[in-house]
Amino acid sequence: MNKNLILYVAILFFGITAPFIFPAFKVQLSILCILIVLALTWNIQGGEMGYNTFGNILFYGLGMYLCASVQVGMFFPLAEWTESGGEKTFVHTPAQFFQGMAVGLVVAAVIPTIVAGLIGYAILGLRGHYFAICTLGLGVAAGEISGGIEIIGAGQGFTTPPFPDVGGLESRGEFFYFLSFGVLVLTFIAVRAIYSTRFKLILNAIRDNEDKAEAMGIQTMKYKIIGWMISAFFCGLAGGIMGGLVGYIDSTDVAFDGREMGVFMVLMAILGGKGTLWGPVIGATVFHIFKEGFWTFFLGWQYVALGVLIVVIVIYFPEGIMGWLREKFPERFGETIDEKDRKAQVELK
Amino acid sequence: MDFMVFQYPMISVQACLDGILLGILFALIAYGMALQWGVMNIINIAQGDLVILGGYIAYFMYLYGIHPAWGVIVAPIIMYFVGVGLYKLVINKVVDRDLFISILATFGISILFMQLMNFAFGADVVLANSGYGTTFLFDSAVVLPNSKIFSAFISILFAICLVIYMKKSKLGRAIRATAQNARAAKILGVDTEKVYAATFGINAALCGVAGALISITFTIHPYMGLPYTIRSFMIVIVAGLGNLPGVALSGMGLGVFEEFADYILGTEFRIGAVFLLLVLILVYRRFKLSRKREYLK
């Protein structure tokens with residue numbers, strides 16, 4: 001426990017000082033925080049509950065659109081803002097921007113949670129690959145439909161309010177970094193708290209054998225929906241921040257980007273090791289570093305690299321980094337190996 | 001929203017005929033999906049991308065002055081080897097594993113194919129002009145391009161050939177035996193590895209035929225693959241595995257649905273409507289089954 005405390009304090013310290021140590025990478029660090037949040041929340045479904053979803057992107061995109069719409073709609077007519085052509089004459093004052101952002105983030109967290117509850121009731125009764133394909137369909141449908149709605153910019157996208165001119169040039173990056181880092185800390189604490197309760201055991205029971213879990217008297221549907229709502233809450237928050245950070249929302253390329261973000265969150269969790277607390281964090285960090293390398297050095301070939309990466313990780317590395325570590329150093333994970341077994345293993349080798 | 005379609009009955013006739021001709025093509029792709037799902041127990045997300053690749057083969061023949069209809073012969077031959085190669089490289093490692101692994105791995109292949117096609121053929125929407133002209137029915141109220149009729153005819157021809165092949169030939173019987181019980185087939189001397197490779201190759205060849213026909217009748221684009229995958233998945237879950245008339249009928253139904261969605265909601269919501277229909281079908285079946293405390297398997 002003591003060792004863990006030192007680790008957490010060190011990470012927190014690093015997180016707070018990071019934008020000042022690496023001022024050039026503020027945006028990258030913010031995106032990393034968002035990616036970790038997405039991987040952590042995906043892991044609640046994919047890792048702990050055994051429901052491999054491609055649909056968390058739905059809440060992410062919904063949060064993005066909601067946050068930006070509220071931020072604009074609170075002070076200006078939304079339809080005129082998103083109208084194509086012409087100069088934008090509306091400018092948010094700093095107070096308006098921050099108020100709008102705050103209210104927008106609350107809405108971006110709450111509404112996806114409700115939506116997750118409703119959709120979850122409808123589709124969480126599906127199992128295995130039917131659930132996976134259904135959520136894949138939901139994500140793509142959301143992207144296609146939002147791309148046809150006029151008031152949120154339809155095909156030409158939605159420009160989020162620009163950051164107001166306060167505190168010099170560096171303040172935008174710092175604001176978004178600390179916002180996303182704050183959400184990351186919040187998510188990590190929440191997920192860790194969840195994983196230390198009976199709720200996690202119930203989720204694991206659902207993963208291991210849902211019929212038996214039901215036979216034991218667990219209302220599996222209720223817990224599945226609650227689990228999805230927790231994910232949706234943080235995905236919505238992450239989406240809202242990402243919308244402000246990118247500054248531009250497009251229906252299929254930024255918000256409901258099943259081909260990128262939707263796959264990334266699955267991949268990050270699997271790369272790190274699903275069903276562990278630290279797996280998604282490690283996976284997202286490694287993945288982000290790799291991705292930035294690919295995107296910089298193989299510009300244009302990044303999707304080819306991504307496709308190959310998916311195939312390689314899924315086929316050859318399904319246990320992830322944490323799974324590999326666990327096999328290598330079982331004692332670190334609190335697994336004790338009987339002396340006799342160890343001797344037998346050594347003899348076998 | 002546009003309800004013209006109900007005021008002018010001829011538009012409905014047009015939509016129905018278009019939808020049926022389109023649906024026959026969907027059914028051909030779905031048949032390939034059902035084949036590999038039944039035999040190898042994998043769900044291939046890259047199905048649509050194989051279709052588009054087949055379309056580009058026909059399109060290239062068109063570019064080099066060969067009539068694109070020959071693509072119907074050439075595309076399946078090339079695609080058969082693409083399919084077998086894909087099986088040898090990737091698919092053989094996911095056959096015995098969890099279905100989600102196959103979904104994710106083929107999703108990776110799908111992204112890879114999309115981007116490679118984008119590099120190789122460019123991001124333009126293209127079509128291979130067959131020059132077949134059009135047929136006018138009911139005093140020119142209904143316009144049917146001959147290429148659509150041609151493509152429906154060829155699809156039916158291929159489907160019939162395949163059914164006969166599966167029934168009569170040695171390989172076809174081996175494939176059906178493996179689908180019933182892979183272990184027993186292995187014991188009785190069927191080389192299941194070869195059967196799997198052939199199944200995936202046949203599936204890819206079917207996709208190649210469908211793709212060549214799509215490039216003649218409609219348009220192709222590197223990123224248009226996923227909707228075809230979703231359509232064929234939808235047709236298979238509605239019809240069930242190994243139910244060929246069901247596949248044909250639900251394919252036509254889907255085609256008609258799409259044409260009407262196109263007229264009523266507008267073209268920009270067409271793909272969205274397809275994906276929403278998938279969700280609705282799954283939700284409907286889930287509630288129907290949950291009354292009996294069962295779930296989709």
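Colleague: Where do helix α10 and helix α11 of chain B stand in relation to one another, and at what angle do their axes cross?

Modeller: In this model, which is predicted, the axes of α10(B), residues 225–239, and α11(B), residues 244–265, come within 9 Å and cross at roughly 130°.

Colleague: Why is α10(B) called oblique to α11(B)?

Modeller: Angles over 145 degrees count as roughly antiparallel and those from 65 to 115 as roughly perpendicular, while the rest, once the roughly parallel ones under 35 are set aside, are oblique. The crossing is at roughly 130°, and that makes α10(B) oblique to α11(B). The crossing of these helices is also right-handed.

Colleague: Which residues of α10(B) and α11(B) meet, and how do they divide by class?

Modeller: From α10(B) come R231(B), M234(B), I235(B), V238(B) and A239(B), and they meet G246(B), V247(B), S250(B), G251(B) and L254(B) of α11(B). The residues of this contact divide into 6 nonpolar, 3 polar and 1 charged, with Gly counted among the polar residues.

Colleague: Why does V314(A) count as buried, and which residues are in contact with V314(A)?

Modeller: The cut-off is again 20 or more, and V314(A) has 26 C-beta neighbours inside 10 Å, so V314(A) counts as buried. V314(A) lies in helix α14 of chain A, and its contacts beyond four places in sequence are I270(A) together with I101(B), L104(B), A105(B) and G108(B).

Colleague: How many residues does each chain give to the contact between chain A and chain B, and which element gives the largest share on the side of chain A?

Modeller: The contact takes 32 residues from chain A and 35 residues from chain B. On the side of chain A that touches chain B, the largest share, 12 residues, comes from α6(A), and the elements giving two or more residues to that side are α5, α6, α12 and α14 of chain A. By class, this side has 22 nonpolar, 7 polar and 3 charged residues.

Colleague: What makes α12(A) roughly parallel to α15(A)?

Modeller: The axes of α12(A) and α15(A), a helix of residues 320–328, come within 2 Å and cross at roughly 5°. Angles under 35 degrees count as roughly parallel, so α12(A) is roughly parallel to α15(A). The contact is made by I270(A), L271(A) and G272(A) of α12(A) with G320(A), I321(A) and M322(A) of α15(A), and by class it has 4 nonpolar, 2 polar and no charged residues.

Notes. Residues numbered from 1 in each chain as written. Chains lettered and ligands numbered in written order. Predicted model: local features only at pLDDT ≥ 70, side-chain atom pairs only at ≥ 80, totals over all residues. Axes fitted to C-alpha atoms, helices over the stretch in contact; angles between N-to-C directions. Helix = DSSP H or I, 4+ residues; strand = E, 2+ residues; numbered from the N terminus. Left-handed = near helix turned anticlockwise from the far one by under 90°. Contact = placed C-beta atoms within 7 Å. Buried ≥ 20, exposed ≤ 12 C-beta atoms within 10 Å, placed from the backbone.
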